[in-house]
Amino acid sequence: NSHILLLLDGADEMSAGNYASPLQAIAKQITGWISTAHIVLTCRQNLWDDRTNYLEDFDIYRTLEFSYPTQVEEFIKNWFTALAEPEIAQGQQLCAVLHEPGRSRIQDLVKNPLLLTLLCIEWHFREGNLPETKNKLYQNFTENFYDWKQDKLPTTRQQRKQLNAKLSELALEAIETETNRFCLRQEFVCKFMGEPEDKGSLFYLALELGWLSNVQ
């Protein structure tokens, strides 16, 4: 029996190269001894449902939304209980606020596991501030991320504003021009954010904060 577990996360984000799709590229590579390993692959549904799916022998599992309120509240309880210093009352307060009249929009939003995680983080940092849209939730999470890093790597509001703007420009240009939008060439990033060795550059700051990762 095989003792190897191969995890291929985000197949839709990889380049297909000379193949028709990333799934075909993967199918061509998982041959020989590696084909006997246990392989777990994740990708967006539109790629998997494409008529030229070359991995149709895989068992298929789809991420489902949580039910509200049962599973959403169970997740919130577990999340706040698992903190280094459990904040059980905080979780209970979040559940109570979600039950208030006029909260149907946010109730529907947080059935998504990722968005519910972000909401728990948001509530932990800014109790009483409940965003009503996905865009506002992401905006608040960005600020929470900076606040979380503030003790180890202080940033000013001006630095945050400049960094967010440049990261947005970088992402847009990567989507429009780069072959691989999720693994960018250093020279490409430097055009927007300066040199990574320069401690005064936005590139250096993004690496230190963790917005960008240096992949060798």
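Predicted model: local features only at pLDDT ≥ 70, side-chain atom pairs only at ≥ 80, totals over all residues.
**Surface patch, nonpolar core and aromatic contacts**

On the surface, Leu 5, Leu 7 and Val 40 come together as a nonpolar patch whose accessible area is about 310 Å² in total.

**Surface patch**
- Leu 5, one of the patch residues, belongs to strand 1, which covers residues 5-8.
- With a relative accessible area of 62%, Leu 5 is exposed, because the cut-off for that class is over 50%.

**Nonpolar core**
- The largest nonpolar core has 21 residues, and those touching the most other members are Ile 76, Phe 80, Leu 94, Leu 98, Leu 119 and Leu 130.
- Two or more residues of this core are given by each of helix 3 (70-81), helix 4 (88-98), helix 5 (104-109) and helix 6 (113-125).
- Helix 6 supplies the largest share of this core, with seven residues.

**Aromatic contacts**
- Seven aromatic pairs are found in the structure.
- In the pair of Phe 66 and Phe 75, the ring centres are 5.6 Å apart and the planes stand at 40°, so the pair is classed as tilted, given that stacked requires under 30 degrees and edge-to-face over 60.
- Phe 66 is partly exposed at a relative accessible area of 21%, and Phe 75 is likewise partly exposed, at 23%.
- One aromatic cluster is formed by Phe 145, Tyr 146, Trp 148 and Trp 211.
- Within this cluster, Trp 148 has Lys 149 lying over the face of its ring, at 5.1 Å from the ring centre.

Definitions and conventions: Residues numbered from 1 in each chain as written. Heavy atoms only, no water. Phe/Tyr/Trp six-rings, centres within 6.5 Å; stacked < 30°, edge-to-face > 60°. Buried < 20%, exposed > 50% of the residue type's maximum accessible area, 1.4 Å probe, protein only. Lys NZ or Arg CZ within 6 Å of the ring centre and 35° of its normal. Patch = residues over 30% accessible without salt bridge, like charges linked within 9 Å, V, L, I, M, F, W, Y side chains within 5 Å. Areas by Shrake-Rupley, 256 points an atom, 1.4 Å probe, with all protein chains shown as cover. Salt bridge = Lys/Arg side-chain N within 4 Å of Asp/Glu carboxyl O. Helix = DSSP H or I, 4+ residues; strand = E, 2+ residues; numbered from the N terminus. Core = buried A, V, L, I, M, F, W, Y, C linked by side-chain atoms within 4.5 Å.
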